[in-house]
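Here is a friendly walk through some local features of a structure. Please keep the 3D view open as you read.

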Amino acid sequence: VWDACSEAMIVFEKDDLDDMGYIVENDVIMSALTKQLDAVADRVEVFYRSRAVRYTWPLPSHSCDTSPWVQVELADGRRLQTKLLIGADGHNSVVRKEAEIKNVEHQYDQSAVVATLHLSEATDNNVAWQRFLPTGPIALLPLSDTASSLVWSTSHDHASELLTMDEESFVDSINSAFWSNINHSDFIDSAGAMFRSAISLLKPSGTAVRQLPPSIAKVDPESRAMFPLGMGHATEYVQHRVALIGDAAHRVHPLAGQGVNLGFGDVACLAHHLSAAAFNGSDLGSLRHLLKFETERQRHNVSLIAATDVLKRLYSTTLAPLVLLRTWGLQATNALPPVKVRNLLQGCR
Amino acid sequence: LSLFRFTVKRPFSTSHSSVDSKEVKKFQLLAHKWWDEEGEYAALHSMNDIRVPFIRDTLLSMSSNYHLGNPLSGIKILDVGCGGGLLSEPLGRLGASVTGIDPVEDNIRTADRHKSFDPVLDKRIQYKSSSLEEIVEESMETFDVIVASEVVEHVADLEMFIKCCSQVLKPEGSLFITTINKTQLSYVLGIVVAEKIMGIVPEGTHEWEKFVPPEELERILESNGFSVKTVNGMLYNPLSGSWGWMESTSLNYAVHAVKSGAWGQSHPTDAPSETDIQQRSATAGTAS
């Protein structure tokens, strides 16, 4: 991970730790999930190609003669009722809106461009690269020895340009984004170099040897796409008989690569609390254990979402003082193992 | 206060049943409030967090069968003084066949209506407006387990209540009781603070006179063919609204007792009390 405006960088190396993380294509995840669902088909029913069109919420418990469960009406007319409705329907969650849960949201002035790229030469492709350009971070995530996935967060205009330009220009833009030093200033470079010497006095092993990112040869034709970026956080994750997970509860900038991990974390936490509640014979829609899930996840998610937001803003500028701040910060973080390890563990959780 | 100085002996009871009509009236007024988890009965709702695991784990440790997903499957439970069904429902969800009885008809009505929306519970739980004595004749040695949670501090004749429990319980069946000790502390915290000051329990729910010290409960149990296996103190934290276990039984406590087996020591009072009960229930005007 490195800055476009200085030489500062941070390297997380595999020797210090066990597997840092895994990058898995979405299709592969979907396939694995489908297999698991088939294995529990006697207990889990999936209605593919279906859509909910209306939700009817239960009235307060002590005054109802109507069903105390949530009623769901599907587009094809079928009706379902449930003790617990889980909203996993993304950042524009209908469940959240219908449940009248307020959402704190903010649109970034950025869109992300994604694509599948082919490397110039086959390599031991096991390094994820991210460079913070003033317009936004560009990241290369390894898929195989010959291919990587691109996630380039940039201004809406630039994103549209990238999507419409021909494939050769697109590849050139990517390579230049990773290699160009156009944003460096002498001042920052000297200040950075001076800090680096200071660190090496205190800690001789200092910073690691610099590896180089791969260069791109071509892009997979149909794979280019873009989507707008924003930040969002639901004020409540749960209500009586309702729980929100994943992007329905929180939406984060891709720069930390944590969006889907937060969702997975939500799933694990909710499953744990529901399982404990079921073993106690509790009504699964009861707020008592749903609130435990909410507290646990909000505590974890809010700090990460806020930190990501701060990083995004910090790296969106070329202003010298802020560049210097983040340069020194990154260099320091790179030189001091405990901070790095803790950062990393936070990210991978 | 002289209240604390004399040892209270349970007054000789002339009632024909263990049901106290004053108690019945008290609960009638709140019959529709059972299922508001944050309402008058909030503390009872959160008590499920410790009493259900207590019952579940004790029963699991005593049996070798385990049905994944339905740990209490195949077990017949009698919930005496079931109220609105707060404890019957979780036990039903865990797989047990539950019969819930309560002398207050409105409670049974509330309980019946609440379980009717859940097709699984509807089949697993049966409610009946009745006192314990009234079902003895038709339910001799029928149940594997009896739970009497927050009940014995409301009954008129504890000795008879326990005798009836013994009669409807199968040999080696389990009896679970949760109740309140009779101490200075339970007066201050259980009545003054809980009822009058903090409103944790609706005012007038409890009478300190009827609280039962664990020693007395144990004595009555042991003299009626039960072997007391566990006595645990319970504590309610009003700030968090949650219950926990504690060493001391000076406030709330839970008891697990087991009825002696078919070949266990036969009790000299068994035969007479049986006919006694039958006579009484024949003439009993039930207090509901």
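The notes below cover charges, strand pairing and backbone angles in this predicted model.

## Salt bridges in chain B

Let's begin with the charged pairs. Over all chains, the count of salt bridges comes to 23. One of them joins Arg109(B) to Asp106(B), with the closest N and O atoms 2.6 Å apart. These two residues sit three positions apart in helix 4 (residues 105-116) of chain B, so about one helical turn separates them. Arg109(B) is exposed, because its relative accessible area is 52% and the cut-off for exposed is over 50%. Asp106(B) has 25% relative accessibility and therefore counts as partly exposed.

Lys115(B) also takes part in a salt bridge, here with Asp122(B), at 3.2 Å from N to O. Is Lys115(B) buried or exposed? Its relative accessibility is 4%, so Lys115(B) counts as buried.

## A link between distant parts of chain B

The side chains of Lys259(B) and Glu141(B) meet in a salt bridge as well, with an N to O distance of 3.4 Å. How many residues apart are the two in the chain? They are 118 residues apart, and the pair links distant parts of the chain. Lys259(B) belongs to strand 8 (residues 252-259) of chain B, while Glu141(B) lies in the loop between helix 6 (132-136) and strand 4 of that chain.

Here, too, you can look at the accessibility of each partner. Lys259(B) counts as buried because its relative accessibility is 9%, and buried means under 20%. Glu141(B), at 41%, counts as partly exposed.

## Charges in chain A

In chain A, a network of salt bridges links Arg54(A), Glu73(A) and Arg79(A).

Chain A also carries a negative surface patch. Which residues form the negative patch? They are Asp166(A), Glu167(A), Glu168(A), Asp172(A) and Glu222(A). To place one of them, Asp172(A) is found in helix 4 (residues 167-179) of chain A. With 48% relative accessibility, Asp172(A) counts as partly exposed.

## Strand pairing in chain A

Strand 11 (residues 225-234) of chain A pairs with strand 6 (residues 103-119) in the antiparallel sense, over nine bridges. Within this pairing, Glu105(A) has Gly232(A) in strand 11 as its bridge partner.

Strand 11 of chain A also pairs with strand 14 (residues 250-251), again antiparallel. This second pairing runs over two bridges. Gly232(A) turns up here too, with Arg251(A) in strand 14 as its bridge partner.

## Positive phi angles

Arg49(A) has a positive phi, near 55°, and is not a glycine. Arg49(A) is placed in the loop between helix 1 (26-39) and strand 2 (52-56) of chain A. Its relative accessible area is 89%, so Arg49(A) is exposed.

In chain B, Glu150(B) has a positive phi of about 60° although it is not a glycine. Glu150(B) lies in the loop between strand 4 (143-149) and helix 7 (158-168) of chain B. Glu150(B) is buried, because its relative accessible area is 13%.

Notes:
Residues are numbered from 1 along each chain as its sequence is written. Chains are lettered from A and ligands numbered from 1 in the order in which they are written. This is a predicted model: local features need pLDDT of at least 70, side-chain atom pairs count only at pLDDT 80 or more; totals for chains, interfaces and linings use all residues. Side-chain values use heavy atoms; hydrogens and water are left out. Patches are made of residues with over 30% relative accessible area and no salt bridge: like charges are joined within 9 Å, nonpolar side chains (Val, Leu, Ile, Met, Phe, Trp, Tyr) within 5 Å. Accessible areas come from the Shrake-Rupley method with a 1.4 Å probe; for residues, only the protein chains shown count as cover. A salt bridge is a side-chain nitrogen of Lys or Arg within 4 Å of a carboxyl oxygen of Asp or Glu. Lys and Arg count as positive and Asp and Glu as negative; His and the chain ends are not counted. The place of a charge is taken as NZ of Lys, CZ of Arg, CG of Asp or CD of Glu. Helices (H or I, at least four residues) and strands (E, at least two) are DSSP runs, numbered from the N terminus. Buried means under 20% relative accessible area, exposed over 50%, partly exposed in between (1.4 Å probe, protein chains only). Two strands pair if DSSP finds at least two bridges between them.
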